[in-house]
Amino acid sequence: MVVRDLRIYSQSLGGDVRHYRDNTGLEIDAIVTTADSRWCACEIKLSSAPHIVDAAAEQLLKFVQRVDTTRCDEPAAQLVVTAGGYGYRRPDGVTIVPIGMLEP
């Protein structure tokens, strides 16, 4: 459901949603791009439990460190999308977003 919503919202901006997995097993649930080359990385979790959110944020931060920013810009956002709870920005810059708060 989250990927469907992300696709609908990104298409309205001329964008796309993709999945990422590399040869080390690092996987990101959704990479959202827009027509003007902005992008964000999203991890999708059913739980908003702190240990689940922490692990997802760690994945995002690890992924962003591997991105070659000479070929693309820094991410516009790093999101952990959860099934519920409340939204907030962590000190490390990762934003936690309940699915009900997603919008274009």
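**Strands and cores**

Modeller: Gladly! Let's begin with strand β4, residues 77-82: 5 of its 6 residues are buried, so the rest of the structure largely encloses this strand. Keep in mind that this is a predicted model.

Colleague: Which strands pair with β4?

Modeller: On one side of the pairing list is β3, which pairs with β4 in the parallel sense over 6 bridges. Glu-43, for example, has Val-80 in β4 as its bridge partner. Between these strands the chain passes through α2, and the β-α-β crossover from β3 to β4 is right-handed. Strand β6 (residues 95-98) also runs parallel to β4, joined by 4 bridges. There, Val-80 has Ile-96 as its bridge partner.

Colleague: And how do I read the nonpolar core? Which residues have the most contacts inside the largest one?

Modeller: The general idea is that nonpolar side chains tend to be buried together in soluble globular proteins. Here, the largest nonpolar core has 15 residues, and Trp-39, Ala-41 and Phe-63 have the most contacts inside it. Two or more residues each come from β2 (27-33), β3 (39-45) and α2 (50-66). The largest share, 6 residues, is from α2. A second, separate core has 12 residues, among them Ala-30 and Leu-79.

Colleague: Is Cys-40 buried or exposed?

Modeller: Cys-40, in strand β3, counts as buried because its relative accessibility is 12%, under the 20% cut-off. Beyond its neighbours within four places in sequence, Cys-40 is in contact with Ala-30, Ile-31, Val-32, Ala-77 and Leu-79.

Colleague: How far apart are Cys-40 and Cys-72 in space?

Modeller: Their C-alpha atoms are 12 Å apart, while 32 residues separate Cys-40 and Cys-72 in sequence.

How values were computed. Residues numbered from 1 in each chain as written. Predicted model: local features only at pLDDT ≥ 70, side-chain atom pairs only at ≥ 80, totals over all residues. Heavy atoms only, no water. Core = buried A, V, L, I, M, F, W, Y, C linked by side-chain atoms within 4.5 Å. Buried < 20%, exposed > 50% of the residue type's maximum accessible area, 1.4 Å probe, protein only. Contact = heavy atoms within 4.5 Å. Pairing = 2+ DSSP bridges. Right-handed = clockwise from strand over helix to strand, strands pointing away.
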